[in-house]
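Student: I have just opened this one. Can we go through it together?

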Amino acid sequence: MSVRYDNDRFLYTAVDDPLARPLFDGLEQEYDNRYADVRRRIGGSAREELQRYPAEAFAAPVGAFVLLLRDGVAISGGAFMPHRDDDTAEFKRIWTLPGLRRQGIARRVLQELEDQAARQGYRRVFLTTGCRQPEAVGLYLSHGYTALFNLDADPETIAHLPFEKQLVPQPQVGIAPDIALHGAVA
């Protein structure tokens, strides 16, 4: 079920924007809950995983970081950075607050990221999700992504589940300050 709110807005900003902190804190907790045994086995922490890439990796003109705000509060977000070639954006950290899931919010963020990546000249998206995130797998498959792994295999044996999607070309633009805050789209 998708509910539209007139007060939802996308905000293109920086990863270190204080508005994003509650989302990252929630994502860290989610990773800790789903992958605690893996972290114990291989080391590291969810916080280290979230800080693996510098903020500049998600900055224009090669990347983007977007928050979906409702009444000025971040309820969802995501980012992209360059992948291995000039035509491919890698999507990262698409996440929605737990109490707001199953309302089409992540789908809206995913579409916004795809549109912006295409406007910035990317023609393909690559992303991975964790083996214990079946909701994300379902989202990507239902949004036209191709799994780059055997869907019949045990996800635990694959760990990082890769996907790709070709983008529809868009007029190329950057993220100008006058379009940084704009109305959300379905």
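Student: Is Phe 24 buried or exposed?

Tutor: Phe 24 counts as buried because its relative accessibility is 11%. Buried means under 20% relative accessible area, exposed over 50% and partly exposed in between, with a 1.4 Å probe and protein chains only. This is a predicted model, in which local features need pLDDT of at least 70 and side-chain atom pairs count only at pLDDT 80 or more, while totals for chains, interfaces and linings use all residues. Residues are numbered from 1 along each chain as its sequence is written, and side-chain values use heavy atoms, with hydrogens and water left out.

Student: How many aromatic pairs are there in the whole structure?

Tutor: The search finds 8. One of them joins Phe 24 and Phe 65, which are stacked at 5.8 Å centre to centre with 15° between the planes. Rings of Phe, Tyr and Trp (its six-membered ring) pair if their centres lie within 6.5 Å; planes under 30 degrees apart count as stacked, over 60 as edge-to-face and the rest as tilted.

Student: Which residues line the largest cavity?

Tutor: Phe 24 and Phe 65 are both in the lining, along with Leu 23, Leu 27, Leu 67, Gly 77, Gly 78, Arg 93 and Trp 95. H1 gives the most, with 3 residues. On a 1 Å grid over the protein atoms alone, a cavity is a set of points where a 1.4 Å probe fits but cannot get out; a pocket is an open set with protein on both sides within 12 Å along at least five of seven lines; lining residues have an atom within 4 Å of a point.

Student: How much space lies in that cavity?

Tutor: About 70 Å³. Grid points are joined across faces, edges and corners, and a volume is the space filled by probe spheres set on the points.

Student: And the largest pocket, how much space lies there?

Tutor: About 1200 Å³. It is lined by 45 residues, and those closest to its centre are Ile 94, Thr 129, Gln 133, Ala 136 and Tyr 140. H1 has the largest share of this lining, with 9 residues.

Student: What about Glu 30, what is it in contact with?

Tutor: Glu 30 is in H1 and is buried at 16%. Apart from neighbours within four places in sequence, Glu 30 is in contact (heavy atoms within 4.5 Å) with Trp 95 and Arg 101.

Student: Which residues touch the most other members in the largest nonpolar core?

Tutor: Phe 80, Phe 91, Tyr 140, Tyr 145 and Phe 163 do, in a core of 29 residues. H3 supplies the largest share of this core, 6 residues. A nonpolar core is a set of buried Ala, Val, Leu, Ile, Met, Phe, Trp, Tyr and Cys residues joined through side-chain atoms within 4.5 Å. A second, separate core has 19 residues, including Phe 65.

Student: Tyr 140 keeps coming up. Which residues do ring pairs link it with in a cluster?

Tutor: Ring pairs put Tyr 140 in a cluster with Tyr 145, Phe 149 and Phe 163.

Note on methods: Helix = DSSP H or I, 4+ residues; strand = E, 2+ residues; numbered from the N terminus.
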